[in-house]
Amino acid sequence: MAEDIDDVSLVKQFKLPESRDTAFTSIVKKYQQKLYWHVRRMVVDHDDANDVIQNVFIKVWKGLDGFREDSTLYTWLYRIATNESLSFLEQKKRKGTVSLSDNEADLSETVRADKDFDASKLEWKLQLAIQQLPEKQRAVFHLRYYDEMPYAEMSTVLDTSEGALKASYHIAVKKIEDFILNH
Amino acid sequence: MESRKNIEEEIRSISPVVADLGLQNPHSVPAGYFDQLPGQLLSAAKAADVNVDEMAETELSPLLASLKTLPAYRVPAGYFDELAKNLVLPQPVPAPAKVIQMKRFGYRQMLAAAVVAGLVFLGSWFFFLQGNNDEQDSMAMNSQVISDKTIHDQTTKIPDAELLTYLDSTEDFGIPDEVIIDPESRSDLASLMLTDISDEELEDYIDQTYAF
């Protein structure tokens, strides 16, 4: 199974022309769900998440040859996925000429538009609460709360100090608590 | 990966409310999405990697390459043989009229025009001003203040008999309109007129005039 092959071996196989396609497919199978859900939580909509994921793995295909292995493959993939998600949201904001606060309101509407949405259920309330957070703070919360990422790795993914990330996570949790208690 | 226990302890220390929510994910994905995704991503990555301009059509799509020589559309028989004769040649387009740019007035030309206009204006103003002065002079002459001496000089030339005849024939002893006598000089005028008349002559005159 792809999950059994370590990242170092996968990168080595990718760099060989004869095993490039196989290695790439293995990498996709190993990380597709983690990366997809990370992206999906950022952009909310499945079709938007699918577009972003395509861009993420195209960048992986083009950039893996130059991967210097100064971070783990996992961290490198998450960094690409986070940046692509943030770029997507930025583009969406520019195309619609909406302000930052309108963008968060727009994502909340996308949550409500989900066919399974049920305002009475706590899990949907949590999603609405998360969408109130600024983009980067949202990414911090997702990576820590859902992906259980250590702050040291998160620092590489988001290019932010560990202290700032801990503070950001603390504030995010408090904001979510406040939203759930007051709505 | 940090242990789940650590993550839970951390979040419980910040907010027990959020900690109790648990890892609930309400979103869903289409059935079979993750099964198809790897293949789709590999195709997409390879397509993005290819320089389509340099690729031969047979490599890109052998099917399309084979269909190239099979035309779908038809033309009437002999169409191209008659085409040259049937062409409707366009009428010669008349040459466009020559456009002569109007010379734009530069700064110097406008300045010269302003100076000329100013001179014309000043000349006209002076001309009318002068005209007004002449008129005023004429009017002044017609209604000039005649000095006492002038009156005296003129009346001494007239014989006394004529003066008396005139005074008898006219009731109006007023001074003509065109002659303005300075009111302040009336007493002086009388003195002037009587300068050459002695007191005896004056008494005789009064006796003769007012005898009745």
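Reader: What makes the span of α3(A) close to the expected one?

Author: In this predicted model, α3(A) has 18 residues and reaches 25 Å from its first C-alpha to its last.

Reader: Which residues of α3(A) are buried, and what do they pack against?

Author: The buried residues are A49(A), V52(A), I53(A), V56(A), F57(A), V60(A) and W61(A). They pack against α2 and α4 (73–95) of chain A, together with α3 (33–49) of chain B.

Reader: How do you know that α9(A) has its buried residues on one face?

Author: L165(A), S168(A), Y169(A), A172(A), V173(A) and I176(A) are buried in α9(A). Seen down the helix axis, the buried residues of α9(A) fall within an arc of 135 degrees, so they line one face. On the other side, G163(A), A167(A), L181(A) and N182(A) are exposed.

Reader: What do the buried residues of α9(A) pack against?

Author: In chain A they pack against α6, α7 and α8 (151–158). In chain B the partners are α1 (4–14) and α2 (16–21). As for its span, α9(A) has 21 residues and reaches 30 Å, close to the 30 Å expected.

Reader: Why is R138(A) called buried?

Author: The cut-off for a buried residue is 20 or more other C-beta atoms within 10 Å. R138(A) has 22, so R138(A) is buried. This residue is in helix α7 of chain A.

Reader: What is R138(A) in contact with, leaving aside its neighbours within four places in sequence?

Author: R138(A) is in contact with M42(A), I130(A) and L133(A). The C-alpha atoms of R138(A) and A172(A) are separated by 7.4 Å, and these two residues are 34 residues apart along the chain.

Reader: What is the phi of V44(A), and of E148(A)?

Author: V44(A) has a positive phi of about 75 degrees although it is not a glycine. Phi of E148(A) is near 55 degrees, also a positive value in a residue other than glycine. Most residues other than glycine have a negative phi. V44(A) lies in the loop between α2 and α3 of chain A, and E148(A) lies in the loop between α7 and α8 of that chain.

Reader: Which residues have the most contacts inside the largest nonpolar core?

Author: They are L35(A), V39(A), I53(A), L77(A) and V140(A), in a core of 52 residues. α2(A) gives the most to this core, with 10 residues. Not counting residues up to four places away in sequence, V140(A) touches M154(A), L158(A), L165(A), S168(A), Y169(A) and A172(A).

Reader: How many residues does each chain give to the contact between chains A and B?

Author: Chain A gives 34 residues and chain B gives 25. On the chain A side, the largest share comes from α2(A), with 8 residues. The residues on that side divide into 15 nonpolar, 7 polar and 12 charged.

Reader: How many helices and strands are there in chain B?

Author: Chain B has 11 helices and 0 strands. Of its 212 residues, 2% count as buried.

How values were computed. Residues are numbered from 1 along each chain as its sequence is written. Chains are lettered from A and ligands numbered from 1 in the order in which they are written. This is a predicted model: local features need pLDDT of at least 70, side-chain atom pairs count only at pLDDT 80 or more; totals for chains, interfaces and linings use all residues. Two residues are in contact if their C-beta atoms, placed from the backbone, lie within 7 Å. Helices (H or I, at least four residues) and strands (E, at least two) are DSSP runs, numbered from the N terminus. Ala, Val, Leu, Ile, Met, Phe, Trp, Tyr, Cys and Pro count as nonpolar, Asp, Glu, Lys and Arg as charged, and the others, Gly among them, as polar. The expected span of a helix is 1.5 Å times one less than its number of residues. A residue is buried if 20 or more other C-beta atoms lie within 10 Å of its own, exposed if 12 or fewer, and partly exposed in between; C-beta atoms are placed from the backbone. The arc is that of the directions from the helix axis to the C-beta atoms. A nonpolar core is a set of buried Ala, Val, Leu, Ile, Met, Phe, Trp, Tyr and Cys residues joined through C-beta atoms within 7 Å.
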